[in-house]
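Subject: Structure handover

Hi,

Here is the structure for you to look over. My notes follow below it.

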Amino acid sequence: MSCHAVRPLLPARAEELTPMEALIRAEHVAGCSRCAAEAAAYSRLGQALTVMAHLEAEPADGTLERVLIAIGRRRTRVTDPRVLAAAGSAGALVATVVVARALRQRRQSQPAPAWARRLHVPGLPLPAAALARAK
Amino acid sequence: MEVDRELVEAAQAGDRWALEELVRRTHRGVYTCALRLVGNPDDAADVTQDVYLRVVRKLGGFRHEASFATWLNRVTTNVAMSTLKRRTRRFTVEGAAVPADTRDPAPEPAERAEAVALARRLERLVAELPEGQRQVLVLRDVYGQSTEEVANAMGLTPGAVKVRLFRARERLKAELEAAEGGQVVALSGRRRATGRRS
């Protein structure tokens, strides 16, 4: 295999080559010092690029604060699904209590029916209200 | 960008301090990745903010199948690519994206020092690559994403990613050798021939 044919394989990482391509490259590089030097240079480049992932640039002043403020505004909308489920259950419980109390108050404020008013004895509460209170 | 699992879990459970600590520990890495992809500091800062807004929305769904850093890099990639698609570039001065003050958060043992020094020199050369080549190279070779992941993020075919990657590596190696003064003669002709392609 000529240098010209192998050259496109030299920049590739091992996992990017088929087994056949890897074999061709290895055999050629073993016998060609120029391509071996090229392959070594690409290998060194690859290692240095990997190291780049650990280098960090310093963002402009205020970037972190900006992010913290932005997520502070949104944070309450998002939590763990378990927390969301618990919040949902609590909300449902509160809603149930509120509706129950409203219904009870409505029942208490309704005027007694005509038959009950006819039976009304002065000094005693109307039957509907008395019943509701007893409950 | 190392993050404890306990910290992530606390943030997932709604612990405000944990979430803010997570941001404090990772924001430089997110900003740097964004800067390498979008090419200018203002857009990188916007991307960084959008990344964390997305993190807050999606953190509950993170299942620790990959490391948090890997997940965060994917989020950063997606936000950066969306930003690039939405915006017309404000300026395209080559080299403007160089994170000139990169620092290595890990301790620097002697055997690592040379690789770190080389990586710092590469930072500028990478920033000078054509945008398409730079993005592919950064995602694949710096952040270790698979060819398929890069293709998905950039809306390219895997074949197109491989072509850009090949050109980027070839050009970068030539530029590096030129900068270091080695093998310049052998490579300069090829660099001139391939240097304007993207």
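Start with helix 8 of chain B. Its buried residues are B:Val161, B:Leu165, B:Ala168, B:Arg169, B:Glu170, B:Arg171, B:Leu172, B:Lys173, B:Ala174, B:Leu176 and B:Glu177. Keep in mind that this is a predicted model.

Helix 8 of chain B has 23 residues. At 1.5 Å a residue they should span 33 Å, and the end C-alpha atoms are 32 Å apart, so the two values agree. Just after helix 8 of chain B comes B:Gly181, with a positive phi of about 80°.

**Helix 6 against helix 8, chain B**

Helix 6 of chain B covers residues 131–142, and helix 8 of chain B covers residues 158–180. They pack at an angle of about 95°, and their axes are 8 Å apart. That angle makes helix 6 of chain B roughly perpendicular to helix 8 of chain B.

Who makes the contact? From helix 6 of chain B: B:Gly132, B:Gln133, B:Val136, B:Leu137, B:Arg140 and B:Asp141. From helix 8 of chain B: B:Val161, B:Arg164, B:Leu165, B:Arg167, B:Ala168, B:Arg169, B:Arg171 and B:Leu172. The residues of this contact divide into six nonpolar, two polar and six charged.

**Helix 6 of chain B against chain A**

Helix 6 of chain B also packs against helix 3 of chain A, residues 33–52. The angle here is about 90°, with the axes 8 Å apart. Helix 3 of chain A is therefore roughly perpendicular to helix 6 of chain B.

Chain A brings A:Leu49, A:Thr50 and A:Met52 to this contact. Chain B brings B:Leu137, B:Asp141 and B:Val142.

Chain B has nine helices and zero strands. From the N terminus on, its elements run α-α-α-α-α-α-α-α-α. Of its 198 residues, 52% are buried. Take the contacts in chain B between residues at least 6 apart in sequence: 63% of them join residues at least 24 apart.

Chain A has seven helices and zero strands. Its elements run α-α-α-α-α-α-α from the N terminus on. Buried residues make up 29% of the 135 residues in chain A. Among its contacts between residues at least 6 apart in sequence, 41% join residues at least 24 apart.

**Single residues in chain B**

Is B:Val47 buried or exposed? B:Val47 is buried, because its relative accessible area is 0%. B:Val47 is found in helix 3 of chain B, residues 41–58. Leaving out residues up to four places away in sequence, B:Val47 touches B:Ala34, B:Val38, B:Thr76, B:Val79, B:Ala80 and B:Thr83. B:Val47 and B:Leu35 are 12 residues apart in sequence, and their C-alpha atoms are 8.7 Å apart.

B:Lys85 is found in helix 4 of chain B. B:Lys85 is exposed, because its relative accessible area is 62%. B:Lys85 and B:Met154 are 69 residues apart in sequence and 9.7 Å apart in space, C-alpha to C-alpha.

B:His64 lies in the loop between helix 3 and helix 4 of chain B, where helix 4 covers 68–86. B:His64 is not a glycine, although its phi is positive, at about 65°.

**Cysteines**

How many disulfides does the structure hold? Zero, over all chains. A:Cys3 is in none; the nearest cysteine sulfur is that of A:Cys32, 3.6 Å away. A:Cys3 is partly exposed, with a relative accessible area of 31%.

The cut-off for a disulfide is within 2.5 Å. A:Cys35 is buried, with a relative accessible area of 0%.

Best wishes

Conventions. Residues are numbered from 1 along each chain as its sequence is written. Chains are lettered from A and ligands numbered from 1 in the order in which they are written. This is a predicted model: local features need pLDDT of at least 70, side-chain atom pairs count only at pLDDT 80 or more; totals for chains, interfaces and linings use all residues. Side-chain values use heavy atoms; hydrogens and water are left out. Buried means under 20% relative accessible area, exposed over 50%, partly exposed in between (1.4 Å probe, protein chains only). Axes are lines fitted to C-alpha atoms, for helices over the stretch in contact, and angles run from 0 to 180 degrees between N-to-C directions. Helices (H or I, at least four residues) and strands (E, at least two) are DSSP runs, numbered from the N terminus. Angles under 35 degrees count as roughly parallel, over 145 as roughly antiparallel, 65 to 115 as roughly perpendicular and the rest as oblique. Contact means heavy atoms within 4.5 Å. Ala, Val, Leu, Ile, Met, Phe, Trp, Tyr, Cys and Pro count as nonpolar, Asp, Glu, Lys and Arg as charged, and the others, Gly among them, as polar. The expected span of a helix is 1.5 Å times one less than its number of residues.
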